[in-house]
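Hello,

Here is the structure I promised to pass on to you. Have a look at it first, and then read on for my notes on what turned up.

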Amino acid sequence: MAQLLTAAQMRAMEQAAIDSGAVTGLELMERAGAGVVEAVMEEWPELAQGTHRAVVLCGPGNNGGDGFVVARLLKELGWTVEVFLYGDPEKLPPDAKANFERWQALGPTSDMLDMDAASSVALDPSEDGILLDAIFGTGLSRGLEADLRLALSSFRSVVPVCFLKSVNVDVPSGLCSDSGKWLVGEDGFDTAWRTDLTVTFHRPRVAHYLSDAQAQSLRVKDIGLDAIQSQRHASSIAPGLTALLSDAASRTYPLEIESSSFGAKDMLDAVAPQPAITELLQGCDGLIDKAETGGHKYTHGHALVLSGGFGQTGAARLAARGALRIGAGLVTLAVPGSAQMEVACQITGLMMQRVEDAAELTEVLSDARLNALCLGPGLGLERARDVVPAALAFERPTVLDADALSAFSDNPEMLFANLHGACVMTPHMGEFARLFPDIAQKLNAPAKTGPAYSKVDATRDAAARAGCVVLLKGPDTVIAAPDGRTAINAALYERQAPWLATAGSGDVLAGFITGLLARGFEPMQAAETAAWLHVECGRSFGPGLIAEDLPEILPKVLQSRMG
Ligand SMILES: NC(=O)C1=CN([C@@H]2O[C@H](COP(=O)(O)OP(=O)(O)OC[C@H]3O[C@@H](n4cnc5c(N)ncnc54)[C@H](OP(=O)(O)O)[C@@H]3O)[C@@H](O)[C@H]2O)[C@@H](O)CC1
Ligand SMILES: Nc1ncnc2c1ncn2[C@@H]1O[C@H](COP(=O)(O)OP(=O)(O)O)[C@@H](O)[C@H]1O
Ligand SMILES: [K+]
């Protein structure tokens, strides 16, 4: 389970470790710097051989201190190292200043804002190496001023010319580490740039999984905080640290998060999808044990997927196929008369039931064995306005996607009034903005100061308002329950699967969730597991994927999880 930490949480853990006497700030900084060097060599093994070149940009805080450590370590390895500082060396915090002074014994430090600083970097393409951004980390409080931003972009312009790799310490400078938003300066401009590698410490920050535009690769280096926790004499460690560390290490799904805002006391505000894997493996066991446990198809649930009319049934068929593949015992497509022939010609394994309108749906749902519903894919706006309230009245586990969301753009309150706790809404950002315009506006507003309002905040606020689980799609899918439990399912870094952005892929996701609801998964667990599997299917199939491939590759993914 990967735990994501806010800046406040990370600071609290580091401070508690230092206060305990188990480690000094200087030692943590040394480990951080060594971690960066190690990560660079792991990422590019060719840089571990021979000597290379580093251009190191240091800032006025401890992030800059890490930069001075890296500069020294690389210099000791024989690299050519050029160091630039933003700020007054006299005002550096103590640990950073100590490392500045240690560096001074090895080489000069130039002023990063000197007009000629970037141009003094020799454009020598024969010597490869790194450009290290150690200007700001978790201490970034506002957008960068214009002079610094210009200096930074001058240094960045050297990167392609000199074949340097760009590396960030902790976060790229200008990125808010809690929200993944690039903070804008007074002039409204930011420093957005996709770099090659981010190296962070102990646990990833929330921001690392909330933006697909920050780094190609992420490496998390240990700086000994876990070891401190497991020391035999834990009782001698400051009580605050013991509580913080054991809390962070022991939390598993389900998470209990007391507050909707990030703060030092919220030990774990967001998780990567690993808890869902745990749940999924149990789900897989259940599937395999079908015969042994004596279950029959109805014990694995019966999902009902509402379809649109003639010529609009593809999306619902995709969802239904997803629900069937993920293990619903039976899946029925509820089809208006106009589309019956079309659907009948295209399905095997799925069942079909004529449902013309809300009245007929109410009749069909009198069969209590229909225990999960999928409303939205290809449903049509008019049909959605008719059938959605009727379906929600039964308070069965229900996925609302696509048209079941868009149909209520003019009157979201009407939808919210009908929703219940067994629902999962799966909007993409456009649908989200139509249902929660104020929240979307807050999310999309440029932020000058941090911590900025994030996609995690927005999804949590939406879930609280809707009173059900909300899954907000994207490469960084955020899933939140009304009680504040939050997960991020990121298709980033080694899990990237951009080919999932293909027509109908969201319909299959809705079907996966519906199938798991039919299997008896609770809504948050169903959403997390389905989202995780969806990305795994995308990764497993690879480029060339179309939505139809997702349900068909699922058995292979499930089998690989079972070992
Ligand atoms: N704690 C530890 O033990 C360890 C910490 N570690 C490292 O420390 C990093 C956190 O260090 P940090 O807290 O000193 O924050 P950092 O990001 O260096 O910047 C703060 C400075 O920047 C300034 N500033 C902010 N925004 C600005 C702006 N837009 N424009 C101009 N100035 C701005 C701000 O000033 P102020 O906001 O008060 O004006 C303050 O002076 C962390 O990311 C990790 O790399 C590791 O070594 C492991 C051990
Ligand atoms: N760049 C990306 N990387 C990984 N997954 C993505 C990316 N872009 C979109 N997705 C995923 O693809 C799916 C698209 O769903 P949606 O927007 O509803 O499309 P559609 O309505 O065509 O099915 C979502 O699950 C979303 O999280
Ligand atoms: K940085």
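S505 sits in helix α19, which runs over residues 505-518. This is a predicted model, so please read everything below with that in mind. Is S505 buried or exposed? With a relative accessibility of 5%, S505 is buried, because that value is under the 20% cut-off. Leaving aside residues up to four places away in sequence, S505 touches L500, H534, A547 and L550. There is also P551: its C-alpha lies 9.9 Å from that of S505, although 46 residues separate the two in sequence.

Next, the annotated site. The unreviewed UniProt entry carries a "binding site" annotation, and it covers K473, G474, P475, D476, T477 and G506. These residues span 34 residues in sequence, yet no two of their C-alpha atoms are more than 13.9 Å apart, so they gather at one spot. From this set, K473, G474, P475, T477 and G506 belong to the lining of the second largest pocket.

K473 is placed in the loop between β16 (469-472) and β17 (476-480). Its relative accessible area is 16%, and K473 counts as buried because this is under 20%. Apart from residues up to four places away in sequence, K473 is in contact with D401, T426, P427, H428, K455, G506 and L509. One of these partners, D401, also makes a polar contact of 3.2 Å with K473, side chain to side chain. G474 is likewise in the loop between β16 and β17. With 34% relative accessibility, G474 is partly exposed, because the value falls between 20% and 50%.

Finally, the largest pocket. Its volume is about 740 Å³, and 33 residues line it. Which of them lie nearest its centre? They are G61, N62, N63, T138 and G139. The elements that contribute two or more residues to this lining are α1 (7-19), α2 (25-43), α3 (62-76) and α4 (94-104). Of these, α1 provides the largest share, with five residues. By residue type, the lining of the largest pocket is made up of 16 nonpolar, ten polar and seven charged residues.

Best wishes

Methods
Residues numbered from 1 in each chain as written. Chains lettered and ligands numbered in written order. Predicted model: local features only at pLDDT ≥ 70, side-chain atom pairs only at ≥ 80, totals over all residues. Heavy atoms only, no water. UniProt positions renumbered as here; feature names shortened; annotations may be inferred. 1 Å grid on protein atoms, 1.4 Å probe; cavity = no way out; pocket = protein on both sides within 12 Å on 5 of 7 lines; lining within 4 Å. Helix = DSSP H or I, 4+ residues; strand = E, 2+ residues; numbered from the N terminus. Buried < 20%, exposed > 50% of the residue type's maximum accessible area, 1.4 Å probe, protein only. Contact = heavy atoms within 4.5 Å. Polar contact = N/O pair within 3.5 Å; in protein donor to acceptor, adjacent residues only side chain to side chain. Points joined across faces, edges and corners; volume = space filled by probe spheres on them. Nonpolar A, V, L, I, M, F, W, Y, C, P; charged D, E, K, R; others polar.
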